[in-house]
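Dear colleague,

Here is the structure we talked about handing over. My notes on it follow below.

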Amino acid sequence: MRDHALFTLYSWAGTVSYQNIQVFRVKRTETVPSWNKMDHLTWHCLSPLGNLRFWPDDRGTINDISVLRVTRRGTQADHFTQTPLTPGTEVQVRVDWERRFDHMQQHSGQHLITAVADDLFGLKTTSWELGRLRSVIELDSPSVTAEQVAAIERSVNEKIRDRLPVNVRELSLDDPEVEQVRGRGLPDDHAGPIRVVTIQNIDSNMCCGTHVSNLSDLQVIKILGTEKGKKNKTNLIFLAGNRVLKWMERSHGIEKALTALLKCGAEDHVEAVKKLQNSSKLLQKNNLNLLRDLAVHIAHSLRSSPDWGGVITLHRKDGDSEFMNIIANETGSEETLLFLTVGDEKGAGLFLLAGPAEAVETLGPRVAEVLEGKGAGKKGRFQGKATKMSRRAEVQALLQDYVSTQSAEE
């Protein structure tokens with residue numbers, strides 16, 4: 001069973017230093033001091049899950065036992081571990097620093113972009129999401145131009161090169177300065193001072209998240225573009241720090257693979273793919289025409305065969321619903337039960353049953369059941385999808401029994 005552990009840890013509140021601690025010792029207890037979503041942070045072991053989606057929790061180990069998740073429950077930081085821990089024992093906590101630092105870069109990057117977008121163009125941030133591969137800032141505007149995106153990207157990277165410090169302060173709830181700090185309000189269960197993260201000369205914001213201590217730690221910010229958001233909003237997609245390097249590495253790997261496959265340089269990739277798409281469409285069109293001609297030929301062969309009548313079955317690996325319907329139309333099987341199938345001989349595929357309307361209405365659902373599929377029909381046709389084409393012989397026997405019974409009754 002996963003252990004649900006609570007911890008008390010000495011406080012580094014009011015500074016950024018706690019964010020850079022990777023290994024420390026602490027006692028497991030049954031109670032924890034105050035931890036509030038947007039106030040000061042009396043730091044517990046690992047950072048809990050933040051508000052909604054935008055701040056993922058820390059990961060790491062406690063006495064080399066994996067921490068699977070950290071959540072906030074009221075004033076408690078709950079750590080879920082792979083195996084139980086004994087209350088009252090001193091333990092060593094090790095932070096997954098690569099994950100922590102990545103979150104620090106993305107979170108500080110979001111603060112910076114939000115402040116610059118507002119300052120340059122009055123674009124307000126309404127929410128954001130720290131994603132696994134990329135992050136998204138929701139801007140309160142139906143559109144953001146390419147020129148605005150370029151200006152925002154240029155400005156944030158200038159400020160990164162300026163090496164502006166990032167500081168953390170605590171303000172009392174009644175401090176007049178609180179009114180000047182950007183934020184979206186406090187949670188209902190807030191208690192204690194307000195924690196404020198400030199980028200020098202750029203932005204002050206209520207925040208309980210982990211951040212870099214200097215904008216130079218962001219290295220670089222790349223804005224990948226924008227997408228249409230919900231309710232007249234625009235989503236701005238960005239990467240910060242090491243994610244930019246990883247994105248470049250991944251993109252370069254894809255570029256090399258495409259160069260080898262397409263036998264041309266990166267500058268010609270798009271044109272080469274367009275040519276392949278056009279060739280593929282032409283081949284598909286020609287293949288469809290040939291398949292239609294083949295369906296007509298098969299239909300005429302079946303109709304002129306001395307075996308025509310009773311129950312006729314046909315299976316082809318290649319084909320589609322149109323292929324089967326052409327055969328049914330051309331044969332005009334009003335008095336004959338025509339059972340057609342296409343697809344994998346033993347796996348999934350399509351089926352069509354055509355013939356006398358009353359017989360098809362009766363047999364269609366039973367055919368679908370035998371083939372473990374679903375279908376529908378009307379006016380002498382029943383067709384659908386099947387998962388067990390290997391049972392076609394059972395269907396043929398079912399149809400033969402029906403025809404024999406009908407003949408005996410007549």
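Helix 4

Seven positions of helix 4 are named as buried: His-269, Ala-272, Leu-291, Ala-295, Ile-298, Ala-299 and Leu-302. Please keep in mind that this is a predicted model. The cover over the buried residues of helix 4 includes helix 3 (242-262), strand 14 (311-316), helix 5 (321-331) and strand 15 (337-343). Helix 4 itself runs over residues 269-304, 36 residues in total. From its first C-alpha to its last, helix 4 reaches 52 Å, close to the 52 Å expected at 1.5 Å a residue.

Cores

The largest nonpolar core has 29 residues, and the members that touch the most others are Leu-112, Ile-113, Ile-152, Ile-221 and Phe-238. At least two residues of this core come from each of helix 1 (97-121), strand 7 (125-130), strand 8 (135-139), helix 2 (146-161), strand 9 (166-171), strand 10 (194-199), strand 12 (221-228) and strand 13 (234-240). Helix 1 gives the largest share, five residues. Beyond residues up to four places away in sequence, Phe-238 touches Gln-106, Gly-109, Gln-110, Ile-113, Trp-128, Arg-134, Ser-135, Val-136, Ile-137, Lys-222, Ile-223 and Leu-224. There is also a second, separate core of 19 residues, with Leu-337, Phe-351, Ala-359 and Leu-371 among them. As background, nonpolar side chains in soluble globular proteins tend to be buried together.

Helix 1 against helix 3

The axes of helix 1 and helix 3 come within 9 Å and cross at roughly 100 degrees. Helix 1 is therefore roughly perpendicular to helix 3, as the range for that term is 65 to 115 degrees. On the helix 1 side the contact involves Glu-98, Phe-101, Asp-102, Gln-105 and Gln-106, which meet Asn-242, Arg-243 and Lys-246 in helix 3. By type, the residues of this contact are one nonpolar, three polar and four charged.

Helix 2

The 16 residues of helix 2 should span 22 Å at 1.5 Å a residue, and the end C-alpha atoms are 23 Å apart, which agrees. Buried in helix 2 are Gln-148, Val-149, Ala-151, Ile-152, Glu-153, Ser-155, Val-156, Asn-157, Lys-159 and Ile-160. Helix 1 and strand 12 are included in what covers them. Ser-155 counts as buried because its relative accessibility is 11%, and the cut-off for buried is under 20%. Leaving aside neighbours within four places in sequence, Ser-155 is in contact with Val-116 and Leu-120. After helix 2 comes Arg-163, with a positive phi near 55 degrees.

Positive phi in loops

Most residues other than glycine have a negative phi. Gln-219 is not a glycine, yet its phi is positive, about 70 degrees. Gln-219 sits in the loop between strand 11 (203-206) and strand 12 and is partly exposed at 41% relative accessibility. Glu-372 likewise has a positive phi, near 55 degrees. The loop that holds Glu-372 lies between helix 6 (357-370) and strand 17, and Glu-372 is partly exposed at 40% relative accessibility.

Strand 17

Gly-377 belongs to strand 17 (residues 374-378). With a relative accessible area of 48%, Gly-377 is partly exposed. Its C-alpha atom is separated by 9.2 Å from that of Pro-365, a residue 12 places away along the chain.

Regards

Definitions and conventions:
Residues numbered from 1 in each chain as written. Predicted model: local features only at pLDDT ≥ 70, side-chain atom pairs only at ≥ 80, totals over all residues. Heavy atoms only, no water. Helix = DSSP H or I, 4+ residues; strand = E, 2+ residues; numbered from the N terminus. Expected span 1.5 Å × (residues − 1). Buried < 20%, exposed > 50% of the residue type's maximum accessible area, 1.4 Å probe, protein only. Contact = heavy atoms within 4.5 Å. Core = buried A, V, L, I, M, F, W, Y, C linked by side-chain atoms within 4.5 Å. Axes fitted to C-alpha atoms, helices over the stretch in contact; angles between N-to-C directions. Parallel < 35°, antiparallel > 145°, perpendicular 65-115°, else oblique. Nonpolar A, V, L, I, M, F, W, Y, C, P; charged D, E, K, R; others polar.
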